[in-house]
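These are my notebook entries on a structure that I examined for the first time. I set down what I looked up, entry by entry.

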Amino acid sequence: MAQVAPEPMTMDREALVKRFGDLEDKEGAVEFVTMRDGWKLKRESWTPAGTEVKGVMLFFHGTGESTRTVGMRRLAFACLKRGIVLETYDRHGHGDSLHKNGKPFMPPAFAGSMIDTKGTNTEHAVEIAELVMKKHGKPLMIMGHSGGGETACMATDRIIAACEQNNVRFATAIYLAPGVHVLNTMAPCGLTCCHYGCAIPCWFCCCCNCCGRPCLKTGAHNYNPGGVLGPVNTGDGYVSCDQLWIESSPYPKGSASLTDAVQSMTKLASGLLFNGSKDEMIPPKIQDKLAKEVPALTHKISDGRPHDVLNMNMTYGDTTSVEIIEEVMTWAEEQLNAK
């Protein structure tokens with residue numbers, strides 16, 4: 001049975017809004033569900049109170065993240081005020097989804113390193129979508145960011161087919177800087193994912209790869225056990241070395257190529273592709289190619305914005321993330337209301 005997550009509050013709502021912008025200040029309803037392959041995933045959802053539910057947004061978070069991010073709370077706020085349920089979950093190997101067949105699947109240090117978009121991520125996305133359809137029976141929308149956007153691409157046709165089988169309307173899909181084709185172009189060490197090569201020296205002096213991934217850390221992980229509103233989660237960083245992955249890691253991985261993504265989006269009637277022009281992780285040219293190959297996509301580019309368009313901090317006056325979430329959710333609402 002679902003239970004309400006704890007509420008680790010460290011500041012009042014006025015201080016929260018000043019720091020992060022409008023966001024949901026309570027954690028969602030939490031439950032754990034076991035997938036067909038034995039993975040036990042943590043699910044979290046926010047449901048509008050006192051109003052008719054218009055639809056459901058199923059969100060897939062990015063690599064190295066979890067449901068406990070400032071961006072997720074911002075998205076929850078934007079959904080709730082529109083009468084939309086937000087459903088999400090910790091991907092396998094992320095957050096609190098760390099057990100398979102009743103046993104811990106990896107050392108804690110590997111949390112956030114599971115990729116495997118073409119396999120496990122897609123299978124779980126489709127299975128969770130089916131559970132969401134049966135639970136709510138309302139029009140379904142999907143959204144994913146970065147690695148989660150890649151998962152959304154790969155799961156699109158199968159989720160649309162599942163909607164048809166369950167007599168649930170598929171309203172739209174939103175892909176925020178999806179990470180398609182990125183791992184396919186990395187050097188064997190994997191550290192060139194920043195596209196600057198600045199991490200290469202660290203590889204030689206800080207890591208022997210005995211565990212299969214970098215050992216250095218430069219920032220706080222987006223999974224904050226002390227609570228998404230705690231002092232550790234400032235939202236300052238876009239990525240830390242703790243979230244990078246190594247191609248020689250013994251754990252499952254498998255990135256989707258551009259062709260894989262395009263072939264998995266043939267049923268899409270209307271979707272939004274959104275990315276920043278200064279994306280430091282996913283080359284904008286990849287997004288351009290995806291938009292050209294999938295005619296159903298509306299492509300919007302945020303000028304001068306980086307990869308992480310959801311979690312940017314407002315401490316220094318940057319309101320971009322809140323504005324972007326409003327923009328994409330307004331677009332989603334329009335698609336939801338279209339007959």
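**Entry 1. Glutamate 87 and its contacts**

I began with glutamate 87, whose side chain makes a polar contact with the side chain of histidine 136 at 2.7 Å. I took a polar contact to be a pair of N or O atoms within 3.5 Å; within protein, one must be able to donate a hydrogen and the other to accept it, and residues adjacent in sequence count only if both atoms are side-chain atoms. I noted that the model is predicted, that local features need pLDDT of at least 70 and side-chain atom pairs pLDDT 80 or more, and that totals for chains, interfaces and linings use all residues. Residues are numbered from 1 along each chain as its sequence is written, and side-chain values use heavy atoms, with hydrogens and water left out.

I then asked where glutamate 87 lies. I found glutamate 87 in strand S5. Helices (H or I, at least four residues) and strands (E, at least two) are DSSP runs, numbered from the N terminus.

Is glutamate 87 buried or exposed? Glutamate 87 counts as buried because its relative accessibility is 2%. Buried means under 20% relative accessible area, exposed over 50%, and partly exposed in between (1.4 Å probe, protein chains only).

**Entry 2. The salt bridge to lysine 135**

I next recorded a salt bridge between the side chains of glutamate 87 and lysine 135, at 3.2 Å from N to O. Lysine 135 lies in helix H3 (residues 117–136) and glutamate 87 in strand S5, so this pair ties together parts that are 48 residues apart in sequence. The term salt bridge stands for a side-chain nitrogen of Lys or Arg within 4 Å of a carboxyl oxygen of Asp or Glu. Lysine 135 is partly exposed, at 44% relative accessibility.

I also followed the links further. Glu31, Arg43, Glu87 and Lys135 are joined in a network of salt bridges.

How many residues of S5 are buried? I found six of its six residues buried. Both faces are covered: Ile84, Leu86 and Thr88 are buried on one side, and Val85, Glu87 and Tyr89 on the other.

I looked up the pairing of S5 next. Two strands pair if DSSP finds at least two bridges between them. Strand S3 (residues 39–46) runs antiparallel to S5, and four bridges join them; serine 45 stands opposite glutamate 87. S4 pairs with S5 in the parallel sense over five bridges, and methionine 57 has leucine 86 in S5 as its bridge partner.

I noted that S4, H2 and S5 make a right-handed β-α-β unit. Right-handed means that, with the strands pointing away from the viewer, the path from the first strand over the helix to the second runs clockwise.

**Entry 3. From S4 to H2**

Between strand S4 (55–60) and helix H2 (70–80) I found a loop that holds serine 66. Serine 66 counts as buried because its relative accessibility is 0%. Its side chain reaches the backbone nitrogen of arginine 68 at 3.0 Å.

In helix H2 I looked up cysteine 79. Cysteine 79 is buried, with a relative accessible area of 0%. The C-alpha atoms of cysteine 79 and glutamate 333 are separated by 9.2 Å, although these residues are 254 residues apart along the chain.

I also checked cysteine 153, which counts as buried at 0% relative accessibility. How many disulfides does the structure hold? I recorded zero disulfides, a disulfide being a pair of cysteine sulfur atoms within 2.5 Å.

**Entry 4. Other salt bridges**

The count of salt bridges comes to 15. One of them joins lysine 81 and glutamate 326 at 3.0 Å, N to O. Lysine 81 lies in the loop between H2 and strand S5 (84–89) and glutamate 326 in helix H8 (residues 320–337), so the pair ties together parts that are 245 residues apart in sequence. Glutamate 326 is partly exposed, with a relative accessible area of 25%.

Another salt bridge is formed by aspartate 25 and lysine 26, whose closest N and O atoms are 3.8 Å apart. Aspartate 25 counts as buried at 15% relative accessibility, whereas lysine 26 is partly exposed at 41%.
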